[in-house]
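Below are some notes for a colleague who is opening this structure for the first time. Please read them with the model on screen.

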Amino acid sequence: MGIRLAGRTKDVAPFLAMEFGKHALALEAQGHRIIKLNIGEPDFGAPPGVVRAMHVALDERRTAYTAALGVEPLRRAIARHYGAAHGVDVDPQRVIVTAGASAALLLLTAALVDPGDEVLVGDPSYPCNRHFVSSFGGRVKLVPTTTATRYQLDRELVERHWGPQTRGVLVATPSNPTGTSVPFDELAALCGAASARGGWRLVDEIYLGLQDGDAAHPTARSVLAVDPDAIVVSSFSKYFGMTGWRLGWCVVPRELVGAVERLAQNYYICPSSPAQHAAVACFDAAAIAVCEERRARFAQRRELVLRGLASIGLDVPVAPDGAFYVYIDIAATGMKAMPFCELALQEAHVALTPGQDFGEARADEHVRLSYAASEEDLAEALHRLGGLMRRIRGAGSAGTASSATR
């Protein structure tokens with residue numbers, strides 16, 4: 001007898017970044033060298049001091065269950081970091097350590113979303129966030145964005161699309177897939193518009209540590225500086241380079257702590273114990289210095305990629321200022337995103353991600369490239385993509401491009 005699957009399994013589309021990763025592995029098994037720019041995984045790894053702290057945690061057998069909210073030294077360290085990096089006073093009791101930022105989003109959507117509730121999300125946006133909402137019976141209202149708003153929601157869009165069933169807004173700044181952030185004054189206005197309507201504001205700040213600062217603020221500012229009741233999600237994966245450690249956190253209003261704690265106790269007991277103990281070292285001065293040097297390296301990689309893409313005729317309408325992604329407009333090639341990415345993988349052996357992963361608004365005209373790879377790999381990928389672009393232009397001018405790649 002066949003197993004009857006829950007309806008929600010049909011609503012969750014494949015994560016195309018990971019699907020292209022699978023295809024890349026298959027080509028590697030055949031002996032090809034694939035440059036993987038389809039996923040956002042820093043090539044640096046955790047800071048050395050954090051790796052040493054993990055060894056200590058294992059040697060001391062700090063492997064037992066912890067409290068569902070996380071170990072107190074780590075919660076305090078995260079709270080202190082908000083003060084040091086962002087000038088925000090955060091009560092450690094509002095900090096909840098989670099099994100990656102994904103677990104934080106899972107807990108928060110479970111706590112906030114009832115069946116029939118509507119949540120505003122910008123298009124394009126990270127696909128998994130949408131699936132969390134829909135898995136709890138909520139309805140995601142994808143709000144098309146444009147280059148004029150840096151592919152981000154703004155106050156005017158929130159006010160225009162807010163409806164009777166809207167309960168909150170989910171914003172990622174900086175954003176995956178575009179790498180762009182919401183200008184800080186606009187973020188404050190956006191949150192104010194949602195708050196005035198009694199809605200919650202869930203702000204994904206996973207890439208905040210990588211965002212450009214300015215003369216007045218050398219490091220980017222957290223939304224908590226202007227909206228203390230906003231709900232913030234963050235992670236050790238990107239700024240600290242700890243993707244596989246599966247450790248994140250959220251900062252929530254006090255009235256949410258008890259509910260989120262109960263959910264965490266039941267959903268996954270607690271985050272990884274040794275990872276938590278080791279992560280306290282992330283906030284040492286030496287580890288922060290390492291991460292800041294890497295942030296500068298990412299900025300150099302961004303310039304390399306933007307110059308390289310421009311030189312081969314691939315347009316990036318809005319330059320990223322935070323997350324290590326560029327959102328490329330490929331409309332001028334005459335190809336759609338899926339066949340373009342398939343061609344890039346099969347012929348150039350460069351893995352990219354089609355825009356269909358991230359929404360509907362002109363999704364088939366965009367692809368995402370992650371520059372979280374080494375400078376050598378990025379330069380080689382640009383060289384290969386340049387050759388691919390010459391072949392595409394040549395095929396187009398000769399009228400011989402296959403309809404299968406259109």
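1. In this predicted model, helix H2 meets helix H12 through Leu-16, Phe-20, His-23, Ala-24 and Leu-27 on the H2 side and Met-338, Cys-341, Glu-342, Leu-345 and Gln-346 on the H12 side. By class, the residues of this contact are seven nonpolar, two polar and one charged.

2. How are these two helices set against each other? Two packed helices are described by the angle between their axes and the distance between the axes. H2 covers residues 16–29 and H12 covers residues 337–348; their axes come within 11 Å and cross at roughly 25 degrees. Angles under 35 degrees count as roughly parallel, so H2 and H12 are described as roughly parallel to each other. The crossing of H2 past H12 is right-handed.

3. On H5 the contact is made by Ser-102, Leu-105, Leu-106 and Thr-109, and on H6 by Asn-129, Phe-132 and Val-133. Four of the residues in this contact are nonpolar and three are polar, with no charged residue.

4. Is Glu-118 buried or exposed? Its relative accessibility is 4%, and buried means under 20%, so Glu-118 counts as buried. Glu-118 lies in strand E3, which spans residues 118–123.

5. Which residues surround Glu-118? Leaving aside residues up to four places away in sequence, Glu-118 touches Arg-139, Lys-141, His-161, Gly-163, Gln-165, Thr-166, Arg-167 and Gly-168. With Thr-166 there is also a polar contact of 2.4 Å between the two side chains.

6. Pro-274 belongs to helix H10, residues 273–279. Pro-274 has a relative accessible area of 14% and is therefore buried, given that the limit for buried is under 20%.

7. What does Pro-274 touch beyond residues up to four places away in sequence? The contacts are with Met-54, Ala-57, Leu-58, Arg-62 and Thr-63. Pro-274 and Ala-64 are 210 residues apart along the chain, and their C-alpha atoms are separated by 8.5 Å.

Technical notes. Residues numbered from 1 in each chain as written. Predicted model: local features only at pLDDT ≥ 70, side-chain atom pairs only at ≥ 80, totals over all residues. Heavy atoms only, no water. Helix = DSSP H or I, 4+ residues; strand = E, 2+ residues; numbered from the N terminus. Buried < 20%, exposed > 50% of the residue type's maximum accessible area, 1.4 Å probe, protein only. Polar contact = N/O pair within 3.5 Å; in protein donor to acceptor, adjacent residues only side chain to side chain. Contact = heavy atoms within 4.5 Å. Nonpolar A, V, L, I, M, F, W, Y, C, P; charged D, E, K, R; others polar. Axes fitted to C-alpha atoms, helices over the stretch in contact; angles between N-to-C directions. Parallel < 35°, antiparallel > 145°, perpendicular 65-115°, else oblique. Left-handed = near helix turned anticlockwise from the far one by under 90°.
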